[in-house]
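Subject: Structure handover

Hello,

Here is the structure I promised to pass on. Please open it first, then read my notes below.

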2 protein chains.
Amino acid sequence: MGIDRLDGRIITLLAREPRIGVLEMSRRLGVARGTVQARLDRLQSNGVIRGFGPQVDPAALGYPVTAFATLQIRQGQGADVRAHLATVPEVLELHTTTGTGDMLCRLVARSNADLQRVIDRVVGFDGIVRASTAIVMENPVPLRIIPLVEQAALGDRGD
Amino acid sequence: MGIDRLDGRIITLLAREPRIGVLEMSRRLGVARGTVQARLDRLQSNGVIRGFGPQVDPAALGYPVTAFATLQIRQGQGADVRAHLATVPEVLELHTTTGTGDMLCRLVARSNADLQRVIDRVVGFDGIVRASTAIVMENPVPLRIIPLVEQAALGDRGD
DNA sequence: GGAATCACTGGGCAATCTGCTCAGCCGAAT
DNA sequence: ATTCGGCTGAGCAGATTGCCCAGTGATTCC
């Protein structure tokens with residue numbers, strides 16, 4: 001478990017130029033093609049690289065508003081609430097957490113007004129006691145992984 | 001702006017089998033290769049599809065703990081705090097929000113104990129007044145986009 | 001010490017896909 | 001009626017992929 005320098009370079013290169021192909025990668029990295037191929041296979045079966053799915057921008061789809069909602073759940077209703085939220089397309093992500101709330105979910109909507117509809121749909125469910133929503137204004141650091149990959153690649157053993 | 005049925009099918013197919021290739025896609029969708037190619041080009045220049053970067057699992061990298069931190073910032077220090085957080089590899093994402101806190105960030109750590117180190121590093125900065133952290137236990141709905149794409153593809157005009 | 005294991009190299013092969021182009025067709029808008 | 005944009009089906013040269021092999025160096029194990 002863990003990745004080395006070469007793995008890190010492969011991931012970083014792939015993140016910067018996703019359409020690059022194994023052959024070109026091997027040229028850039030100065031290693032044999034088979035090596036890159038083997039590393040990639042290993043990274044994928046390791047689960048380090050989950051896949052190469054398209055990264056879709058909800059804003060370009062017509063959902064420019066993002067919000068995070070903290071939910072409080074009635075005891076024992078967790079499973080029902082999870083199932084309910086899974087059916088709402090505007091719920092992009094759901095976590096159960098420690099702390100103030102019981103769940104945290106990421107929502108998108110077509111507008112601030114539309115967000116009301118989404119929230120109503122989300123909380124219009126019996127097991128949800130209370131919801132508190134924070135609308136996202138800016139996104140100074142979009143979801144990223146490269147800095148972490150680079151740190152992990154430096155053999156940054158913290159075990 | 002917006003996508004049609006075919007765009008939706010292309011994205012969904014691509015999400016399910018990212019390595020599929022334009023030719024195979026055209027076969028599965030029953031349209032000409034040029035059409036798929038043109039649609040893909042358009043989706044990418046539209047910004048609907050941002051890219052095909054590798055999806056890396058922080059857990060497989062040795063960072064199995066995820067947390068969300070709500071930060072309160074001292075007035076006028078926003079820019080400095082943003083810059084500071086951008087330098088922390090364990091900060092995967094950062095948003096500025098309305099509501100209780102001023103910012104919300106997603107963190108990862110090697111362990112619950114290690115999370116303390118990460119939080120110390122995050123909040124060990126002058127402009128941050130207060131931080132409240134929620135540790136993620138489960139992730140019933142991992143970051144997803146397909147349900148939204150399908151809804152958008154159905155010509156679900158909400159303008 | 002000696003043998004086995006593992007990762008990497010460098011090469012080769014057939015099959016496939018890509019990027020690009022072209023002409024024809026069709027519906028919609030002007 | 002004409003133009004425009006999108007789709008089809010086809011073709012081509014060039015590049016890439018998946019797969020195979022043998023040789024090498026390092027590390028581990030008996």
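The notes below go from the whole assembly down to single residues.

First, the ground rules. This is a predicted model, in which local features need pLDDT of at least 70 and side-chain atom pairs count only at pLDDT 80 or more, while totals for chains, interfaces and linings use all residues. Residues are numbered from 1 along each chain as its sequence is written, and chains are lettered from A and ligands numbered from 1 in the order in which they are written.

**The two protein copies**

**Where they touch**

In the interface, 65 residues of chain A are in contact with 65 residues of chain B. Contact means that two C-beta atoms, placed from the backbone, lie within 7 Å. Several elements give two or more residues to chain A's side, including helix H1 (5-16), strand S4 (91-97) and helix H6 (146-153). Helices (H or I, at least four residues) and strands (E, at least two) are DSSP runs, numbered from the N terminus. S6(A) gives the most, with nine residues. By class, this side has 37 nonpolar, 18 polar and 10 charged residues. Here Ala, Val, Leu, Ile, Met, Phe, Trp, Tyr, Cys and Pro count as nonpolar; Asp, Glu, Lys and Arg count as charged; the others, Gly among them, count as polar. Both copies use the same surface: 100% of the contact residues of chain A recur in chain B.

A strand pairing also crosses between the chains. Three bridges join S6(A) to strand S4 (residues 91-97) of chain B, and the two run antiparallel. Strands count as paired if DSSP finds at least two bridges between them. Within this pairing, Glu138(A) stands opposite Thr96(B).

**Two residues to look at**

Start with Ile49(A), in strand S1 of chain A. Ile49(A) counts as buried because it has 22 C-beta neighbours inside 10 Å. The cut-offs are 20 or more other C-beta atoms within 10 Å for buried, 12 or fewer for exposed, and partly exposed in between, with C-beta atoms placed from the backbone. Ile11(A) is 38 residues apart from Ile49(A) in sequence, yet their C-alpha atoms are 8.4 Å apart.

Then go to Leu92(A), in strand S4 of chain A. Leu92(A) is buried too, with 20 other C-beta atoms within 10 Å. Leaving aside neighbours within four places in sequence, its contacts are Arg106(A), Val108(A), Leu143(B), Arg144(B) and Ile145(B). The C-alpha atoms of Leu92(A) and Val108(A) are separated by 7.4 Å, at 16 residues apart along the chain.

**A strand inside chain B**

Is strand S3 of chain B enclosed or open? Seven of the nine residues of S3(B) (residues 65-73) are buried, so the strand is largely enclosed by the rest of the structure. Seven bridges join S3(B) to the antiparallel strand S5 (residues 103-109). Seven bridges also join S3(B) to S6 (residues 128-141), again antiparallel. Thr66(B) stands opposite Val108(B) in S5(B), and Leu71(B) stands opposite Ala131(B) in S6(B).

**The DNA**

The residues around DNA strand C include Arg39(A), Thr35(A) and Glu24(B). A residue is near a strand if its C-beta atom, placed from the backbone, lies within 6 Å of it. H3(A) gives the largest share of this surface, four residues. The residues near DNA strand C divide into six nonpolar, four polar and two charged.

Around DNA strand D are residues including Glu24(A), Thr35(B) and Arg39(B). H3(B) gives the most here, with four residues. The surface near DNA strand D has five nonpolar, four polar and two charged residues.

Best wishes
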